[in-house]
Amino acid sequence: MAELTGKVALVTGGSRGMGAAIAIRLAHDGASVAVTYRNGKEKAEAVVERIVAEGGTAIAIHADNADPDAAAEAVERTVRELGRLDILVNNAGIWVAGPIEEMTTQQRDEILAVNLTSVFSASQAASRHLGEGGRIISIGSNLASRVPGPGLTLYAMTKSALDGLTKALARELGPRGITANVVHPGSTDTDMNPADGPHADFQRQLSALGRYGTAEDIAATVAHLAGPGGRSITGAALLIDSGTNA
Ligand SMILES: NC(=O)c1ccc[n+]([C@@H]2O[C@H](COP(=O)([O-])OP(=O)(O)OC[C@H]3O[C@@H](n4cnc5c(N)ncnc54)[C@H](OP(=O)(O)O)[C@@H]3O)[C@@H](O)[C@H]2O)c1
């Protein structure tokens with residue numbers, strides 16, 4: 001029997017990139033999966049169709065994490081439609097970069113809402129449903145611990161805050177047998193940061209392995225944390241960045 005058989009997972013931002021890879025991997029490992037999307041209805045439906053074609057169960061939910069209440073409502077809808085919640089993956093995120101003098105109030109508020117406040121709100125909603133063995137896994141960034149250049153104030157601020165949130169969740173939910181961890185990817189080949197983009201070779205050079213990560217690399221770590229192998233890992237920040245921050 002697959003490791004996650006009988007479990008239900010919610011992956012925010014599961015329409016493409018890492019979120020889609022994570023949803024497909026968790027379904028492959030036996031979980032029923034809900035994916036949320038903002039604009040990518042068709043891509044989210046394609047992820048669902050692929051999982052169903054492979055014999056799994058999946059649903060797509062529209063939820064814009066710019067509204068933290070929508071992120072929490074996605075948790076409630078997952079429980080209503082799939083019957084329970086065992087694994088929350090806070091993956092949805094946006095990238096904003098540029099000189100601090102030029103950052104707008106709208107950019108500031110949006111990135112805080114999507115990358116941080118919605119992670120809190122979804123985790124809060126999930127904490128009401130998760131039982132023994134429950135998992136909260138958030139996707140941060142290796143820029144949370146090391147910032148290699150200018151222009152990254154907002155993004156690094158939101159991603160580093162996930163470390164504190166994760167440790168506090170681990171302490172608060174640990175007595176109920178629930179783990180909370182943050183996975184910090186380095187450069188990973190997605191629409192956000194394509195491996196053939198203009199800054200890709202520079203990022204490759206920064207890594208110890210000289211390689212760009214794949215969405216499947218991150219999905220493998222999330223699957224480990226979600227499965228029985230993750231039972232003793234909580235409050236941890238895992239760097240999956242090909243050694244960029246080494
Ligand atoms: N790629 C990298 O090099 C890298 C490195 C470190 C960390 N990360 C982090 O990894 C996570 C996944 O990134 P990715 O590279 O897979 O990005 P991506 O290719 O840009 O995909 C982003 C996903 O998040 C969803 N999303 C964006 N804004 C949303 C919102 N307001 N509400 C709901 N969903 C929203 C998108 O949904 P729609 O398509 O429906 O809009 C999409 O499914 C993010 O948290 C990102 O910050 C990425």
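**Close-up views of a predicted model**

**View 1. Ser 242 is found in the segment after β7 (237-240).** The strand and the helices named in these legends are DSSP runs, numbered from the N terminus, with helices being H or I runs of at least four residues and strands being E runs of at least two. Ser 242 is not a glycine, and yet its phi is positive, at about 55 degrees. With a relative accessibility of 14%, Ser 242 counts as buried (buried means under 20% relative accessible area, exposed over 50% and partly exposed in between, with a 1.4 Å probe and protein chains only). This is a predicted model, in which local features need pLDDT of at least 70 and side-chain atom pairs count only at pLDDT 80 or more, while totals for chains, interfaces and linings use all residues. Residues are numbered from 1 along each chain as its sequence is written, and side-chain values use heavy atoms, with hydrogens and water left out.

**View 2. Thr 244 also lies in the segment after β7.** Thr 244 is buried, its relative accessible area being 18%. Its side chain reaches the backbone oxygen of Asp 241 at 2.8 Å. When neighbours within four places in sequence are left aside, Thr 244 is in contact (heavy atoms within 4.5 Å) with Asn 142, Arg 146, Leu 206, Ser 207 and Ala 208.

**View 3. Helix α4 (residues 105-127) and helix α5 (residues 153-173) have axes that come within 10 Å and cross at roughly 15 degrees.** Axes are lines fitted to C-alpha atoms, for helices over the stretch in contact, and angles run from 0 to 180 degrees between N-to-C directions. The two helices, α4 and α5, are therefore roughly parallel to each other (a term for angles under 35 degrees). Residues of α4 that take part in the meeting with α5 include Ile 111, Leu 112, Val 119 and Phe 120, and among those of α5 are Leu 162, Leu 165 and Leu 169. By class, the contact of α4 with α5 has 13 nonpolar, 5 polar and 2 charged residues, where Ala, Val, Leu, Ile, Met, Phe, Trp, Tyr, Cys and Pro count as nonpolar, Asp, Glu, Lys and Arg as charged, and the others, Gly among them, as polar.

**View 4. His 28 is found in helix α1 (residues 17-28).** At 60% relative accessibility, His 28 counts as exposed. The C-alpha atoms of His 28 and Glu 3, which are 25 residues apart along the chain, are separated by 9.4 Å.

How values were computed. Parallel < 35°, antiparallel > 145°, perpendicular 65-115°, else oblique. Polar contact = N/O pair within 3.5 Å; in protein donor to acceptor, adjacent residues only side chain to side chain.
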